[in-house]
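Please look over the model below before reading my points.

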Amino acid sequence: MTNKLNNFDAVVVGAGFSGLYMLYRLREAGFSTRVFEAGEGVGGTWYWNRYPGARCDSESIYYNYTFSEELYKEWTWSSRYPEQPEILKYLNFVADKFKLRPDIQFKTRITEAHYDEDQNNWRIQLDDRATVTAKYFITGVGCLSAANLPNFKGLENFKGKWYHTGHWPHEKVDFTGKRVGIIGTGSSGVQAIPVIADEAGELTVFQRTPQYSAPARNHPYDPEYIRQSKENFKEIKKQMRESQGGQPVPTPTKSALEVSKEEREQVYNDAWENGGLGIFSSYYDITIDEAANETAAEFIRSKICEIVKNPEMAQKLLPSYYYGTKRPIIDTNYYETFNRDNVSLVDVKSSPIVEITQKGIKTTEAEYELDAIVFATGFDGMTGPLLKMDIRGKDGVSLKEKWMGGSQTRTYLGVANSGFPNFFMITGPESPSVLSNMPVSIEQHVEWIGDCIEYLRENGMETIEANVDAEEAWSQHCREVAEATLFTKTDSWYMGANIPGKPRRFLIYLGGVGAYRQKCDEIAANGYEGFTLKFSKKPVS
Ligand code: NAP
């Protein structure tokens, strides 16, 4: 099926977990496929997010592909939570093992992708001015790849160095003896703060919203545990795919309010001691019921007060939003870091940042002199990476116009869009994506898209496009599920609230990985229900 060098069956954007597997899947099925990647290497998120302390919150043995048993058995993780360099090494290993690099063009950004109705193909413009065409256009851009650098007045005047956690330099940044300021206490900030504090002369943390975090209790893996996980590969894979969140943890069946205070405290305490996200999944109603939520929130607040020695500092660190409605965080010595003499905390909610000056950061109360500033200020999530490209479907309508800048973002299953034939999004808005163990959701989408494209070929069909009514129904279903929870009551990046002017809309499907997979499979089994499939004008060969 391979055509001229600039015409492919499929073009895929991004060489992270999504793009690598999509390439492998389509190539195995005989489709000519080209991946375009802005970075110089594979890895996606793990290529860009090299900040000190960067690590994943999913357990290593579940944070990998499961499409190949051989691959699963060949790779051995070193510790419970994988560090960024180890994940990057893993993805390089995958690229080498499956000889993926020849079909990836690095250092190339896609700027435009326009659907040509007459030719029934996608015309794709690259930042090196070249144009390629493809029958299928597939994005594997991740949900968190468009960095958010707040528009602080005066950043250009700062005489020191500044960094964003999501675009960290490849060479080591040496903070030894330096006065460092960090803005942001989300997952990235909470991971970076203890590590930078160890190295810097002074670290000033500029916090807008205090966070709930639980200890990760990372540790090297016992070889016996790894041996067993490899032996039980098939069962682990099944459990991951059928679970709520993409990891084989038991689904909670009890309400936090139906047990005694003592029992609840014991459960939370065990989860705290065991490390990881156990508190979040202790009871089914933590993200649904305000009173249930408060029990977990109060438990973590009590732990913060126990750990942080200075009561005034501890007070400033106490969160008050609904626990879990911003991404729950796990850490290594985060709260403990505030007991260090070289660490100070500035509350920028009560005294906001006014400007960045030549010397440092100025709030309404003081100016802080700094040698370096770290922006751990997150991303324009979900829609940001997609809308960075000018994607246009039928009649030249752009995705931005269709989604009305975000206020009307709607998709079919988080994978397709009405008005955009033969366009697929891996972990797009309104799929489980970031509220699941990402590799599991990525594999599910890649396999579904791969099967769909094979189905079209087998049946001599040229196009597939989501129907408007199916899309509306899916989008409404997503919103209804979300509105039954506390997630929509908090200002978070999940809601788009971190980007000034971005419409508030919850764009993650909360129905669970297992149920979502079943729904997608049923739709495919019913001849791609909710999609319009058009036959080729040519006879089927
Ligand atoms: P984030 O969760 O959006 O946190 C950004 C931080 O910057 C927040 O504390 C935010 O305060 C603050 N901030 C933003 N704009 C600001 C401003 N103008 N002034 C002052 N403070 C400002 O971003 P992130 O930490 O990079 O994490 C994003 C997501 O990436 C996570 O939720 C997670 O899904 C993923 N991630 C995962 C891992 C992991 O697996 N371990 C690690 C890193 C990231 P407010 O809260 O007040 O908005």
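The points below take the ligand site and then the cavities.

1. Basis. This is a predicted model, in which local features need pLDDT of at least 70 and side-chain atom pairs count only at pLDDT 80 or more, while totals for chains, interfaces and linings use all residues. Residues are numbered from 1 along each chain as its sequence is written, and side-chain values use heavy atoms, with hydrogens and water left out.

2. The shell. The ligand is surrounded by 23 residues, and the closest are Arg55, Asp57, Ser188, Thr209 and Lys326 (a residue is near a molecule if one of its heavy atoms lies within 4 Å of it). By class, nine residues of this shell are nonpolar, nine polar and five charged (Ala, Val, Leu, Ile, Met, Phe, Trp, Tyr, Cys and Pro count as nonpolar, Asp, Glu, Lys and Arg as charged, and the others, Gly among them, as polar).

3. Where the shell comes from. Helix α5, residues 187-199, gives the most to the shell, with three residues (helices are DSSP runs of H or I, at least four residues, numbered from the N terminus). Domain 1 (6-146 + 381-528) and domain 2 (164-375) each contribute at least three residues to the shell; the bounds come from an automatic or database domain assignment.

4. Atom pairs. A backbone N or O atom of Ser187 lies 3.0 Å from a ligand oxygen atom. In the side chain of Gln191, an N or O atom is 3.0 Å from a nitrogen atom of the ligand. For Trp493, a polar side-chain atom lies 2.8 Å from an oxygen atom of the ligand. The protein covers 89% of the 900 Å² of accessible area that the ligand has on its own (Shrake-Rupley method, 1.4 Å probe).

5. Largest cavity. The structure holds four cavities of 30 Å³ or more (a cavity is a set of points, on a 1 Å grid over the protein atoms alone, where a 1.4 Å probe fits but cannot get out; lining residues have an atom within 4 Å of a point). The largest has about 70 Å³ of space, a volume being the space filled by probe spheres set on the points. Its lining has eight nonpolar, two polar and one charged residues. Which helix gives the most to this lining? It is α6, with three residues. Both domain 1 and domain 2 supply at least three lining residues.

6. Second largest cavity. Its volume is about 60 Å³. The lining includes Trp493, Tyr494 and Met495.

How values were computed:
Polar contact = N/O pair within 3.5 Å; in protein donor to acceptor, adjacent residues only side chain to side chain. Helix = DSSP H or I, 4+ residues; strand = E, 2+ residues; numbered from the N terminus. 1 Å grid on protein atoms, 1.4 Å probe; cavity = no way out; pocket = protein on both sides within 12 Å on 5 of 7 lines; lining within 4 Å.
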